[in-house]
Amino acid sequence: MSAQPEQLLDWPRRLANLAASSRDPRLASFYRAGCPAADCPLEQLPMVALDIETTGLDPKRHAIVSLGLVPFDLQRIRCSQSWYQVVRPSTSLHPESIAFHRITHSEIEQAPPLKAVLSELLERLAGKLVVVHYRPIERGFLDQALRRELGEGWQFPLIDTMAIEAELHPQRQPGWLLRLLGKQPISIRLADSRSRYALPLYQSHHALTDAIATAELFQAQIATHFDPQLPVSRLWC
């Protein structure tokens with residue numbers, strides 16, 4: 001993996017600065033919890049896999065409908081400490097999104113709004129490194145959600161398992177000659193990435209199932225391609 005730009009590596013300092021400037025006490029407490037040091041080996045890293053389902057793909061126009069997370073490290077996935085929450089979105093459900101996540105109007109009518117579970121979400125992520133598959137969704141939607149609820153955005157370090165697959169497979173689209181010979185593109189979607197490590201097929205687009213699937217994928221990526229002693233700063237962004 002290529003190193004991240006230097007200005008992106010000092011997450012502990014960035015979180016300390018954000019703790020000093022944040023106006024919301026819940027968000028300030030999250031920032032004060034900090035994150036693992038840049039030289040923390042992956043095998044000692046406290047992590048939490050996170051996935052969210054949404055009403056669409058645009059963080060500025062769509063909203064979160066469910067969140068799932070599970071703490072883990074390179075040896076264990078702590079399913080007994082997992083957390084799943086359906087929330088009532090601030091925008092309408094679309095038939096297309098219902099087809100993906102299968103969360104219906106009747107379910108969200110009984111669900112709390114995101115602001116009602118925000119404190120618990122921040123507490124469950126505090127001090128840990130977040131692992132996701134395709135960071136524009138989790139980073140973008142959570143940032144916009146907090147801007148709407150608290151009037152300030154949300155920054156935090158994370159590891160993106162899709163970005164790892166992208167770097168492992170830079171030539172994913174075969175040229176015309178290879179396509180003529182039957183060569184297929186390499187998909188880096190969650191289920192397709194998992195299949196390359198012989199991980200089982202799970203139902204997709206359920207926030208908790210996808211979080212567990214992401215944790216398993218990261219464990220498999222490290223076991224296959226990386227030294228567990230690798231400093232976390234080589235992978236975080």
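Q: Helices (H or I, at least four residues) and strands (E, at least two) are DSSP runs, numbered from the N terminus. How far apart in helix H6 are Arg124 and Glu120?

A: This is a predicted model: local features need pLDDT of at least 70, side-chain atom pairs count only at pLDDT 80 or more, and totals for chains, interfaces and linings use all residues. Residues are numbered from 1 along each chain as its sequence is written, and side-chain values use heavy atoms, leaving out hydrogens and water. Arg124 and Glu120 are four residues apart in helix H6 (residues 114-125), so about one helical turn separates them.

Q: How many salt bridges are there?

A: Side chains of opposite charge can pair when their charged atoms come close. The rule wants a side-chain nitrogen of Lys or Arg within 4 Å of a carboxyl oxygen of Asp or Glu. The count is nine. One of them is Arg124 with Glu120, closest N and O atoms 3.0 Å apart.

Q: Which salt bridge does Arg196 form, and what does the pair tie together?

A: Its partner is Glu165, with the closest N and O atoms at 3.0 Å. Arg196 lies in the loop between helix H10 (190-195) and helix H11 (207-225), and Glu165 in helix H8 (residues 161-168), so the pair ties together parts 31 residues apart in sequence. Glu165 is buried (under 20% relative accessible area; exposed is over 50%, partly exposed in between; 1.4 Å probe, protein chains only), at 0%. Arg196 is partly exposed, at 33%.

Q: Where does Arg194 pair?

A: Arg194 bridges to Glu216, the closest N and O atoms being 2.9 Å apart. The pair links helix H10 to helix H11, 22 residues apart.

Q: What about Glu152: buried or exposed?

A: Glu152 is buried and has no salt bridge. Arg23, the nearest side chain of opposite charge, is 4.6 Å away (Lys and Arg count as positive, Asp and Glu as negative; His and chain ends are not counted). Glu152 lies in the loop between helix H7 (135-150) and strand E5 (158-160). The side chain of Glu152 reaches the backbone nitrogen of Arg23 at 3.0 Å.

Q: Which residues form the aromatic cluster?

A: Phe30, Tyr31, Trp154 and Phe156 form one cluster. Phe30 and Tyr31 are both buried.

Conventions: Polar contact = N/O pair within 3.5 Å; in protein donor to acceptor, adjacent residues only side chain to side chain. Phe/Tyr/Trp six-rings, centres within 6.5 Å; stacked < 30°, edge-to-face > 60°.
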